[in-house]
Amino acid sequence: MKALCWEGVNKLSVENVPDPELHNDQDMIVRLIAGTTCGSDLHLIGGYIPAMRAGDIIGHEFLGEVVETGPGVRRHAVGDRVVVCSFVGCGRCWYCANDLWSLCDNTNTNPGIAQAMFGYETAGIFGYSHAMGGLRGSHAEYVRVPFADYGAFPVPEGIDDTSALFCSDSVPTGWMGADLAGVKPGDVVAVWGCGAVGQMAARAALLLGAERVISIDRIPERLAMTERYIGSETIDYTAVDVAAELRERTGGRGPDVCIEAVGMEAHSDGPAHLYDQAKQQLRLQTDRPTAVRQAIHACRKGGTVFILGVFAGAVDKFPLGAVINKGLTVRGAQMHGQRYIPMLLERMAAGQLKTAHLATHTVPLEQAPQAYDMFKHKTDGCVRAVIRPAP
Amino acid sequence: MRKRAWWILPMAGAAAIGVHRARSGPSGDDRAHDRWLTVTVNRPAEEVRPGGRLPTPLRAFDERIEVDVRPAPGDRGTELAVRLKQPPGGARTSLPGRLAGQDPRQDLRLALRETKALLEAGEVLHPDTPPTSRETPGGRLVGLLVRRSGGEGVL
């Protein structure tokens, strides 16, 4: 079959690779209908996430049709249209049983690597390095889905492929940020980043009752899209002082909840960006935490900062003093998708969540390298490129 | 340094740190080779050691290990701890020895992890095969880490 493979830093190519096989009773094989680029893939492609091997298939956000099931699969049958959570959970360890699915104890086949990096391993994730389990990614014609009864969800008939696709990762990630940050009626919420996850976090905050949601980015078409489809206010950080603007819009208090949906390759137009880039390129820090710093400084006293963006290692100039002295709650997580996906599909079917606008481009698998290049450089108004193996 | 190869350094560093931590823990820990290897299994104690028998992956160690089973606090299941009756030492537990897979604690860690997975999830998740990756210098390093990963870590 054809698959999109990581061939080295900033090198992707479509290769012929062996088809996936069932290896466990609870596995199933899914024929890809659609997958999408994700900002976290850019960290892999750029070499910021370690433990990749040339030839590894990338991709983790996808929707497909079941073509084969193992004898232990009970909830799915051949022909089902399913959206698959990007994180793999066994469903029965303490973490899965407590809805902390991205922390599953039993799905990272290389636990020693992540334990060296983080102290304890995370769950496995499709196509996201050998540190995160080494599972094949989804930008391929077929993908093996372990523990399928727990990670794959039937898509209701009324939801089209492109809309449902984003329930695999970006919608539950955004929802989790607002949910676990404790957004409640009356809150003012600021969201850094107007990519797919940031937009979904903003939408979730509104649906959870936030009084005002303010989204922050620099790309004009993303800001316009967020205003139009999500319904939040926006700030172009290249045009105004974000902290001053937030103070002014919140009666001097600052946002109650600040959600960071940018990640380790954050951009800014200040001198801090040059500083962070220099340190990252010299490997004196692994991640650029520009938006995290800004969120911590902007947050009101006693407020909550939730870090949704992907970070891999260590950062510099983390404002710990602000966290302590302002009494902030700082929280982060990879997404516990299984906890939210059924509810999100229901909301989608009810018209409360719209995602089709995120798919600004659709390409066949053969053009996936070019799609990632466009996505990375945000050219042609690209927010997400949907990759269809069989257009 | 060429950009494509830079990440080998942090990878190698992380690997060395990880292996070192797993080997000796904090400096001065003279119990490093004798510590219990422990997991918490999200099942009741009677399922973890039914009738006093060891679960399958640990049965191969039989008389060579000590086993301790007790309820975990806060309804978290059962703590399962094992250690070798004869703690290994010498070259087998050195960094080169561990990279060569010669430390018997590596096999015990793997068996403990597999026991937990079998008890909780009913199966041990196998990696995707055949691999789609090719051999490169960096890839060989990752491959070595992957081969040792199940037997290393903080258990």
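Domain bounds here come from an automatic or database domain assignment, and for chain A that assignment gives domain 1 (2-169 + 335-388) and domain 2 (172-332). In this predicted model, the C-alpha centres of domain 1 of chain A and domain 2 of chain A lie 25 Å apart. Chain A also meets chain B, with 44 residues of chain A in contact with 43 residues of chain B.

**Domains of chain A**

- Between the two domains, 24 residues of domain 1 of chain A are in contact with 19 residues of domain 2 of chain A.
- On the side of domain 1 of chain A that touches domain 2 of chain A, the elements that give two or more residues are helix 1 (39-45) and helix 13 (337-349) of chain A.
- Sorted by class, that side of domain 1 of chain A, the one touching domain 2 of chain A, has 12 nonpolar, eight polar and four charged residues.

**Contact between chain A and chain B**

- With 44 residues of chain A in contact with 43 residues of chain B, the elements of chain A that give two or more residues to the side touching chain B are strand 1, strand 4, helix 2 (94-97) and helix 3 (111-118).
- Helix 3 of chain A provides the largest share of the side of chain A that touches chain B, namely six residues.
- The side of chain A that touches chain B has, by class, 21 nonpolar, 15 polar and eight charged residues.

**Nonpolar cores**

- The largest nonpolar core has 138 residues, and those that touch the most other members are V30(A), V83(A), V189(A), V191(A), A201(A) and I259(A).
- Helix 7 (residues 196-207) of chain A gives the most to this core, contributing seven residues, and the core draws at least three residues from each of domain 1 (2-169 + 335-388) and domain 2 (172-332) of chain A.
- Once its neighbours within four places in sequence are left aside, A201(A) is in contact with G174(A), G177(A), A178(A), V191(A), I259(A), A261(A) and L308(A).
- A second, separate core has 12 residues, among them V41(B), I65(B), A111(B) and L112(B).

**A three-stranded sheet in chain A**

- Three strands of chain A form an open sheet in the order 2-1-4, and their pairing is antiparallel.
- Strand 2 (11-16) and strand 4 (56-57) of chain A each have a single partner strand and stand at the edges, so one side of each is left without a neighbour in the sheet.
- Strand 1 (residues 2-8) of chain A pairs with strand 2 of chain A in the antiparallel sense over six bridges, and K11(A) in strand 2 of chain A is the bridge partner of G8(A).
- Helix 14 (residues 368-377) of chain A lies across strand 1 and strand 2 of chain A, and its direction is at about 160 degrees to strand 2 of chain A.

**A three-stranded sheet in chain B**

- In chain B, an open sheet of three strands has the order 1-3-2 with antiparallel pairing, and its edge strands, strand 1 (37-41) and strand 2 (65-71) of chain B, each pair on one side only.
- From one strand of this sheet to the next, the twist averages 15 degrees.
- Strand 2 of chain B pairs with strand 3 (residues 78-84) of chain B in the antiparallel sense over seven bridges, and A81(B) in strand 3 of chain B is the bridge partner of D68(B).
- Helix 5 (residues 104-121) of chain B lies across strand 1, strand 2 and strand 3 of chain B, running at about 5 degrees to strand 1 of chain B.

**Two individual residues**

- A278(A) lies in helix 10 (residues 271-281) of chain A, and A278(A) counts as exposed because it has 11 C-beta neighbours inside 10 Å, where the cut-off for an exposed residue is 12 or fewer.
- The C-alpha atoms of A278(A) and R288(A) are separated by 9.9 Å, the two residues being 10 residues apart along the chain.
- V330(A) is found in strand 16 (residues 329-332) of chain A, and V330(A) is partly exposed, with 19 other C-beta atoms within 10 Å, whereas a buried residue needs 20 or more.
- Although V330(A) and C258(A) are 72 residues apart in sequence, they are 9.5 Å apart in space, C-alpha to C-alpha.
- Not counting residues up to four places away in sequence, V330(A) touches V305(A) and V323(A).

Technical notes:
Residues are numbered from 1 along each chain as its sequence is written. Chains are lettered from A and ligands numbered from 1 in the order in which they are written. This is a predicted model: local features need pLDDT of at least 70, side-chain atom pairs count only at pLDDT 80 or more; totals for chains, interfaces and linings use all residues. Two strands pair if DSSP finds at least two bridges between them. Helices (H or I, at least four residues) and strands (E, at least two) are DSSP runs, numbered from the N terminus. Two residues are in contact if their C-beta atoms, placed from the backbone, lie within 7 Å. Axes are lines fitted to C-alpha atoms, for helices over the stretch in contact, and angles run from 0 to 180 degrees between N-to-C directions. Ala, Val, Leu, Ile, Met, Phe, Trp, Tyr, Cys and Pro count as nonpolar, Asp, Glu, Lys and Arg as charged, and the others, Gly among them, as polar. A nonpolar core is a set of buried Ala, Val, Leu, Ile, Met, Phe, Trp, Tyr and Cys residues joined through C-beta atoms within 7 Å.
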